Protein chains: 2
Amino acid sequence: MTDYIESLQRLAEQFGRLQGVGRKTAMRMAFSVIDLEEDEARAFAEAIIEAKTRIHPCPICGNLTDEDICYICDDDTRDRGVICVVEDVKAVMSIEKVREYCGLYHVLGGVISPVNGITPDKIRFDSLVERVKAEGIKEVIIATNPTPDGEVTAMYISRALKPLGVKVTRLAYGIPVGADLEYADEVTLGRALEGRRDV
Amino acid sequence: MTDYIESLQRLAEQFGRLQGVGRKTAMRMAFSVIDLEEDEARAFAEAIIEAKTRIHPCPICGNLTDEDICYICDDDTRDRGVICVVEDVKAVMSIEKVREYCGLYHVLGGVISPVNGITPDKIRFDSLVERVKAEGIKEVIIATNPTPDGEVTAMYISRALKPLGVKVTRLAYGIPVGADLEYADEVTLGRALEGRRDV
């Protein structure tokens, strides 16, 4: 049937582009949109365009923002001597939820993965080194995911930064090995922050 | 964090309005939109508005359409003597997928449910009776879901239509009791159509 209602089919295809959305889910979502009021549907469409056009990476740390620099880099009450290095923006969200960390962040935008051809120059590694040199950083907490690639990246970063005289630590293994930071609960993440150790 | 990226938060709230989308899923989808190219995001937004503004119920059968009448009512090759009565548009989709039924449909837009205050005048019941009287219908196949409310509705419709001299049948119990037509597989639905019986 949906082959014949073109606009419904097109909308379902759009939902199907999103990460983790299958064919049936996409169609259910398309039907949900039909059930919305017209002004709700317009607000939805506008939210997509606004988010896409306004949100961009923070030029300092790589976190997402809709301002010039992100609210964390812009916050004078935060400890400017500590940088927490994460793989992606979702990890920033997860750590912020703990409300225990009050330093800055650096979003790598990926991890070093020789198998997949991702070398250090393909992630935001050089800008991390620049920040450590220029901003008088005392400690770098490496919070890449506890996966093989995450470990390799942590090791690589720690070897590059130690000669600069900065303290390099790694999240404690409170985080379940093989999992993703996004799904860790607040308590576990809090423990991991407390028990961080020298690399 | 997302409290501070307003446009991301607003987009996640919009996804959260959709049926079956929770808070975490909504946020993951919002992030997916940020990962799209800008013209892809625009196409997505346009698909929402287009689907919402163009799609409406067919004035004859209640099926969704973006034309004046739906492609099934508009199809002269279909058997105009048989009407299949379903609860919602998703059921039309499911039955069409079987490619065995070639009559017309009538979408009730709900089921009679005294507990929830849904009386026959709140679903498209009167227009079904009108159609049976006016269009010279020979058979009405009732394909409401095999739930208590679906059964009550089937019983109510069959009692109202039988005095009009029309043959009233019900889908055979090939469909697993308590389930939803949307999730039935094609073979099961095909069997149910073949083995339909008098009510």
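Predicted model: local features only at pLDDT ≥ 70, side-chain atom pairs only at ≥ 80, totals over all residues.
**Before you start**

Residues are numbered from 1 along each chain as its sequence is written, and chains are lettered from A in the order in which they are written. Local features need pLDDT of at least 70, side-chain atom pairs count only at pLDDT 80 or more, totals for chains, interfaces and linings use all residues, and side-chain values use heavy atoms, with hydrogens and water left out.

**Stop 1: the chain A and chain B interface**

Show both chains. Contact means heavy atoms within 4.5 Å. By that rule, 54 residues of chain A touch 54 residues of chain B. The area buried between the two is about 5400 Å², with 69% given by carbon and sulfur atoms. Buried area is the accessible area (1.4 Å probe) that two parts lose on being put together, summed over both.

There are four salt bridges between chain A and chain B. Each is a side-chain nitrogen of Lys or Arg within 4 Å of a carboxyl oxygen of Asp or Glu. Select Glu40(A) and Arg17(B) for one of them: the closest N and O atoms are 2.9 Å apart.

Now colour chain A by element. Helices (H or I, at least four residues) and strands (E, at least two) are DSSP runs, numbered from the N terminus. Which elements give two or more residues to the side of chain A that touches chain B? They are helix H1 (6–16), helix H2 (23–35), helix H3 (38–54), strand S2 (64–65) and helix H4 (89–98) of chain A. H3(A) gives the largest share, 15 residues.

**Stop 2: the phenylalanine cluster**

Select Phe15(A), Phe44(A), Phe15(B) and Phe44(B). Ring pairs link these four into a cluster. Rings of Phe, Tyr and Trp (its six-membered ring) pair if their centres lie within 6.5 Å; planes under 30 degrees apart count as stacked, over 60 as edge-to-face and the rest as tilted.

The four also touch the most other members of the largest nonpolar core, which has 134 residues. Such a core is a set of buried Ala, Val, Leu, Ile, Met, Phe, Trp, Tyr and Cys residues joined through side-chain atoms within 4.5 Å. Buried means under 20% relative accessible area, exposed over 50%, partly exposed in between (1.4 Å probe, protein chains only).

Centre on Phe15(A). Leaving aside neighbours within four places in sequence, its contacts include Val21(A), Met29(A), Phe44(A), Phe15(B), Leu18(B) and Phe44(B).

**Stop 3: an aromatic pair in chain A**

The structure holds nine aromatic pairs over all chains. Select Phe125(A) and Tyr156(A), an edge-to-face pair with 5.1 Å centre to centre and 65° between the planes. Phe125(A) sits in the loop between strand S4 (104–107) and helix H5 (126–134), and Tyr156(A) in helix H6 (residues 148–161), so the pair ties together parts 31 residues apart in sequence. Tyr156(A) is partly exposed at 37%.

**Stop 4: Arg78(A)**

Move to the loop between S2 and strand S3 (82–86) of chain A, where Arg78(A) is found. Arg78(A) is buried, at 9% relative accessible area. Its side chain makes a polar contact with the side chain of Glu96(A) at 2.9 Å. A polar contact is a pair of N or O atoms within 3.5 Å; within protein, one must be able to donate a hydrogen and the other to accept it, and residues adjacent in sequence count only if both atoms are side-chain atoms.
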